[in-house]
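Trainee: Please take a close look with me at a single part of this model, and then at the contact between its chains.

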Number of protein chains: 2
Amino acid sequence: MRKGKEEMQSTVRVAVDAMGGDNAPSEIVKGAVEAVNECPEITVHLVGQLTAVQEELKKYTYDQNRIKVVAASEVITNEEAPVNAIRRKKDSSIVVALNLVKNGEADAFVSAGSTGAVLVGAQLIAGRIKGVERPPLAPLLPTMNGVSLLVDCGANVDARASHLVQFAKMGSIYMEHVVGIKNPRVAIVNIGAEEEKGNLLVKETFPLLKNCDEINFIGSIEARDIPNGAADVIVCEAFVGNVILKLYEGLASALMKKIKAGLTSTTISTIGAALVKPALKRTLKDFDMSSYGGAPMLGLNGLVVKSHGSSNALEIKNSIIQCISFKKNDINSKIKEYIQKED
Amino acid sequence: MRKGKEEMQSTVRVAVDAMGGDNAPSEIVKGAVEAVNECPEITVHLVGQLTAVQEELKKYTYDQNRIKVVAASEVITNEEAPVNAIRRKKDSSIVVALNLVKNGEADAFVSAGSTGAVLVGAQLIAGRIKGVERPPLAPLLPTMNGVSLLVDCGANVDARASHLVQFAKMGSIYMEHVVGIKNPRVAIVNIGAEEEKGNLLVKETFPLLKNCDEINFIGSIEARDIPNGAADVIVCEAFVGNVILKLYEGLASALMKKIKAGLTSTTISTIGAALVKPALKRTLKDFDMSSYGGAPMLGLNGLVVKSHGSSNALEIKNSIIQCISFKKNDINSKIKEYIQKED
């Protein structure tokens, strides 16, 4: 009981990249303020160019003890080569914020900036948990009956079988302890349900996952079954994961456009559209990625959450709030334990 | 002029697998009858178990000179290992029909049966065009402004760069001469727009495509831009292509279910739903894969079209009709010419 109470009261300190993303700094600052106002256990370091960030902050009312502006004069853009940018721009918001995590001044880092720079910076500065071969980026995908975790969607392609086994373990921990799915079902993305199907990587990984006691492996998943929620943790290498994630976003958005056009294509349908709109909006909200916050990068010292480049305040707020359960449930200790079991 | 007239009158002979697919033989036979009734230049060999096929045929009125039933006592199921099934079941509808193509009695083969068996059988029996390293399966994907060809979605994964270059060439010929897109834009599926991004295969293939004079290569395409129709020919290896194709189907179907649920979730929305339904249906028809027929397998002697396992009569009819422009435009001679230029 005492431990539970302490956990409830402990603070989660989040370093937020105020300069990252298409809507920085305005939406980032707004999202940070909303997170702090909604969750008493959160404090935020807003890292970025002082004047710009302070101008935005002036617009809001919040507990000034819980948002601190940290100066970082440089900004890393999407166009820059990640490794170079991280090495050269020592005073960029990404590097300064990650150093707060490294030095123990922050528990987590949230950014909507360059995915490459965040992933590279996280590994170089925060560093990997001992034993983790490759920290994956693991977004939640909306499905017909909830969400599934897709690991890996990161920048490091051409993964090995041992990486995928670690993705399965880390993804299981995340889904069980952060999202709250008991004994999450793990599947590997494949081009057929049968064990003998697949490319070389899948054929090599399949038996390893099958023999892995720590996870609930249910076999192959075909891409068509992902939206049905047929598995909780969906394992694949990053090239395939990236294709799945981006097609999910692109196709959902294209279909919405088609539907909007269809709804208003005749006079009668336009009248009907006014009647269906509220109900339709509510239902489709489940398929809106921004309500699920950002994608965690698993297996690092500290937590790194990558939010969409197009994030608005709501998505930033959700990304920040998501850090609470990650810290409270001590995900990194659980990952350490799982990974070391392997050795 | 004389040549044009001859082309108009020449017959396209299609061998149809009457036993393949979830709805065989009823929907297959129905689709064949509809194709023959709609297109005077088509004749069909319906290959399958005599009694079953003849029972279905009895239901319809058609020109009896243009549909011939060819006996094949065996059926290959989805569960069978393709290579074994093709080798052992010599009297299966797939093997018998492919032999009609091989022996010059049919110009094309249409099947909704086991994809693996069709792909393996096509290569073993009809055979590859000289110089073609790997015949890809190339379905049309619906997009916001038409269709794009996705090559390869076949069963042979772990492709080499030289395969992808041939996919690009054959896909360009198909889009230009069958679908009618002048100078089709070719793109390679990648995880970013920049040339230096990608996995080993993409990095190796990119410069080869860039230096290929015969095609209109526009660079990388991210999966999110596929539904926008950002390229006409989308090149990738089969594992990635299979993921794209199946996620396309799965996500579109999941979203439709969500939308239907949303439309009828309240009394008011149910009234509105009745008003929007016709217009919505018309608009979404563009995103219905079955209206585009099956996927051609490119680079074979003769044409092989793989229709969805769930094909209904409409899809079978469209798959059969699609064979006309393939033959009339002499796609295989064009492929031969392109591939041999490479040597």
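Mentor: A residue is called buried under 20% relative accessible area, exposed over 50%, and partly exposed in between (1.4 Å probe, protein chains only). The model is predicted, so local features need pLDDT of at least 70 and side-chain atom pairs count only at pLDDT 80 or more, while totals for chains, interfaces and linings use all residues. Residues are numbered from 1 along each chain as its sequence is written, chains are lettered from A and ligands numbered from 1 in the order written, and side-chain values use heavy atoms, without hydrogens or water.

Helix H5 of chain A, residues 93-102, is mostly covered, with eight of its 10 residues buried; helices are DSSP runs (H or I, at least four residues) numbered from the N terminus. The buried residues of H5(A) are Ser93(A), Ile94(A), Val95(A), Val96(A), Ala97(A), Leu98(A), Leu100(A) and Val101(A). After H5(A) comes Gly104(A), with a positive phi near 80°.

Turning to the interface, 53 residues from chain A and 53 residues from chain B take part in the contact (heavy atoms within 4.5 Å). Ile191(A), Phe239(A) and Lys258(A) supply 15% of the area that chain A buries against chain B (accessible area, 1.4 Å probe, lost when two parts are put together, summed over both). Four salt bridges cross this interface (a Lys or Arg side-chain nitrogen within 4 Å of an Asp or Glu carboxyl oxygen). Glu249(A) forms a salt bridge with Arg224(B), their closest N and O atoms being 3.4 Å apart. Helices H8 (200-210), H9 (238-263) and H10 (267-284) of chain A each supply at least two residues of the side that touches chain B, and H9(A) gives the most, with 20 residues.
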